[in-house]
Amino acid sequence: MKLGVYNAILHDRPLHEALKVIADLGLTGIELNTGGFLPPTHVPNIDQILESDTARDDFLAIFQDTGVQIAGLNCNGNPLHPNPGIGDKHAQDIRRSIKLAARLGQHRVVTMSGLPGGEPGATRVNWAVNAWNSAALDQLDYQYSLAASFWKDIDALAQDHDVKIALELHPQNVAFNPASFRELVERAGTSNIGVELDASHLFWQQMDPVAVVRDLGSWVFHAAAKDVRINPAAAIQGVLDNSFRKLRSDEPRTNLGEDEWANEWPKNSAWDFVALGKGHDTAFWTEFLRALHEVDPEMLVNIEHEDTELGRVEGLEVAAKVLLDADASLAVSLATN
């Protein structure tokens, strides 16, 4: 397996310092953010790299002798958002990321399937959480039709550049579980659209990430190592707890495009994103890696750190130890079987 870090948590420092942090953890890859919800902090000169061989070579030279190589690009966003200031921008970021990947010798771009409004003329996204009524299925049919058209076009671009698109199965997207992913790619008739297997969003939906990997098989193109802890409040609030608070303009907050911002996490949350090992032990992560290994022994598996109880590097240290221990356990078991 090829183990690394998704770089968003290290956007507070220059790229060369981020690479040193990752190398010191004993990991060998960095998944670079190239747009979408977050700015491409460590790749600020994308347009120059796309146009100039010198700019490309200078950028790639940064990684030489660091022990860390690029392990995919990431531009998570909502390319189907009905607000063109968000949707069109995020769609363009995906197209640029595909071209950038080809320029950098990369073959994986991670993003999200997106979510449009629920009907023509909508100005806000609308996610049908549980389509028990006919109107909700009509809404889904409309949304799938928009998504299929978009991803058919993106698939052609990806094929032209020898790039595969890995969709994170994330709630509030058209594709958030195996069934919805299959519905999308069957409607779109795509070949280069697959899945980024992020265990965390499956955990809180009460899914088994190992079972999902084996269900999807070769559709799994890429993976994220992020854990979830289910809290006692889940017994009362359920995993669809919606007790978020809208942050004021004078409070620190993350912009998601135009006038949309990330909200404050619930105080007594039903579940939390945590570093590997705080939700599921090393034995679980060994089996997670085993399932990924069955799909692709060279699978890129990158830590995503969103544990607010731990510092940036501290959280990566905790997660890296668990992931490396799991990888070592897997290697031993494979050698003895």
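**Note on selected local features**

1. Thr 111 lies in strand β4 (residues 108-111); strands here are DSSP runs of E of at least two residues, numbered from the N terminus. This is a predicted model, in which local features need pLDDT of at least 70, side-chain atom pairs count only at pLDDT 80 or more, and totals for chains, interfaces and linings use all residues. Residues are numbered from 1 along each chain as its sequence is written, and side-chain values use heavy atoms, with hydrogens and water left out.

2. Thr 111 counts as buried because its relative accessibility is 0% (buried means under 20% relative accessible area, with a 1.4 Å probe and protein chains only). The side chain of Thr 111 reaches the backbone oxygen of Cys 75 at 3.1 Å. Beyond its neighbours within four places in sequence, the residues in contact with Thr 111 (heavy atoms within 4.5 Å) include Cys 75, Ile 94, Trp 151 and Leu 167.

3. Strand β11 (residues 271-274) directs Trp 271 and Phe 273 one way and Asp 272 and Val 274 the other, and all are buried. Strand β11 pairs with β8 (residues 227-230) in the antiparallel sense over four bridges; pairing requires at least two DSSP bridges between two strands. Phe 273 in β11 is the bridge partner of Val 228.

4. Helices α6 (residues 178-188) and α8 (residues 209-216) pack at about 25 degrees, their axes 11 Å apart. The two helices are therefore roughly parallel (angles under 35 degrees). Pro 178, Phe 181 and Arg 182 in α6 meet Val 212, Asp 215 and Leu 216 in α8.

Notes. Buried < 20%, exposed > 50% of the residue type's maximum accessible area, 1.4 Å probe, protein only. Polar contact = N/O pair within 3.5 Å; in protein donor to acceptor, adjacent residues only side chain to side chain. Axes fitted to C-alpha atoms, helices over the stretch in contact; angles between N-to-C directions. Parallel < 35°, antiparallel > 145°, perpendicular 65-115°, else oblique.
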